[in-house]
Amino acid sequence: LSDRVRSLVAAGIEVAVATDHNAVTDYRPTIAELGQKERIVSVIGDEITTRDVPFGHFNAFPLEAGMAPVPYKDTLPRAIFAAAHSAKPYGKDTILQVNHPRMGGIGYFELLRFDPSDIPGWLKRAPLADMGFDALEVFNGDHYANLRKVTECLSDWYALLNAGFRSTATGNSDSHRVSFHEPGTPRNLVRMADDTPGKLDERAFIDAVRGGRVVVSSGPFVTITVGDKGVGDTIAAGEAEIVVNVDGPEWVDVDEVQLVKRGEVLKTWKLNEKGAKKPGKRPWRLTHKETLKAGDWVIAIARGTKPMTYLYRQTATPFAFTNPIFVK
């Protein structure tokens with residue numbers, strides 16, 4: 001655990017959710033022993049890794065230190081989700097996340113033959129499926145050099161949102177080794193009232209994740225606002241000025257920003273085009289006026305084409321997206 005904590009601190013991770021396979025892990029004693037309490041805090045968790053009858057991998061957090069792992073052998077998704085949502089300290093408010101849903105034999109959606117084109121029909125054909133998850137891992141660290149897999153999961157998530165299933169999109173490094181799994185690529189940027197390193201209102205953190213106040217990024221920082229409402233909030237229908245702000249360190253390339261409504265690209269800004277702001281002029285503030293209807297939702301996506309050579313997989317290009325602003 002000391003190696004794990006050192007790697008997290010080195011990567012600038014401020015809140016680490018422990019997700020060892022079928023083990024409830026608590027980093028807090030190690031953080032204290034290493035004298036890193038002012039840099040990082042941890043949340044106790046478990047990566048539920050189904051065995052014998054495979055249904056994929058799921059994260060559950062927060063949990064209580066010392067408890068047994070959430071049941072994972074010969075059990076159905078509804079039983080797994082129910083056990084996670086009954087665990088202390090917050091019971092039904094525990095976050096249950098579907099991990100890497102399209103990762104072959106360990107992907108929930110692959111194993112259950114998820115059909116984003118006909119979700120009601122799929123649910124009738126897949127009686128073992130359970131939709132009681134709170135978060136969906138759209139961007140997995142094993143895919144940061146293969147964004148085609150990320151966009152596939154984005155399309156699944158769009159279909160779920162359009163069908164009325166609100167789950168928070170997340171991005172996680174899936175780092176189980178310190179040798180080549182960089183922690184924090186991608187990472188979740190969670191909107192909190194107080195984000196001071198070393199301090200955490202855990203209940204507020206869980207509420208923020210559940211409420212979709214999350215931006216996912218492997219480098220760029222992108223936010224979306226309408227008036228005083230931001231990621232995870234709900235606005236009234238009508239004409240709206242949508243503002244997309246994009247930032248990031250100079251060594252992270254950003255050359256395209258997209259505004260997406262209900263899964264369709266509404267607006268694309270090419271930051272390298274003639275007449276556009278030069279890439280070095282950061283941050284960018286981009287605006288678009290749109291008439292939004294009840295049931296709409298909007299997100300922003302930022303990407304670059306210059307590989308991030310400082311990562312283990314040096315072909316990875318920068319990618320980030322927000323969770324939605326919803327319209328009622």
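Helices and strands are taken here as DSSP runs, a helix having at least four residues and a strand at least two, and both are numbered from the N terminus. The model is predicted. With that numbering, Met131 falls in the loop between α5 (119-125) and β6. Met131 counts as buried because its relative accessibility is 17%, and the limit for buried is under 20%. Leaving aside residues up to four places away in sequence, Met131 is in contact with Trp122, Leu123, Leu160 and Phe165. Phe81 is 50 residues from Met131 along the chain, and the C-alpha atoms of the two are 9.2 Å apart.

Strand β6 has a parallel partner in β5 (residues 95-98), to which two bridges connect it. In this pairing Val98 has Leu136 of β6 as its bridge partner. Strand β7 (residues 168-172) also runs parallel to β6, and five bridges join the two. Here Leu136 stands opposite Ala169 of β7. Between β6 and β7 the chain passes through helix α6 (residues 147-162), and this β-α-β crossover is right-handed.

Salt bridges form the next topic; the structure holds 18 of them. One of them links Arg210 to Asp134, with 2.8 Å between the closest N and O atoms. Arg210 belongs to helix α7 (residues 202-210) and Asp134 to the loop between α5 and β6, so this pair ties together parts 76 residues apart in sequence. Asp134 is buried at 13% relative accessibility, whereas Arg210 is partly exposed, with a relative accessible area of 28%.

Arg313 forms a salt bridge with Asp142, the closest N and O atoms lying 3.3 Å apart. Arg313 is in the loop between β16 (297-303) and β17 (319-322), and Asp142 is in the loop between β6 and α6, so parts 171 residues apart in sequence are tied together. Asp142 is partly exposed, its relative accessible area being 29%.

Glu290 pairs with Lys261 in a further salt bridge, where the closest N and O atoms are 3.3 Å apart. Glu290 lies in strand β15 (residues 284-292) and Lys261 in strand β13 (residues 256-261), so the bridge ties together parts 29 residues apart in sequence. Glu290 is buried, with a relative accessible area of 17%.

Conventions:
Residues numbered from 1 in each chain as written. Predicted model: local features only at pLDDT ≥ 70, side-chain atom pairs only at ≥ 80, totals over all residues. Heavy atoms only, no water. Pairing = 2+ DSSP bridges. Right-handed = clockwise from strand over helix to strand, strands pointing away. Buried < 20%, exposed > 50% of the residue type's maximum accessible area, 1.4 Å probe, protein only. Contact = heavy atoms within 4.5 Å. Salt bridge = Lys/Arg side-chain N within 4 Å of Asp/Glu carboxyl O.
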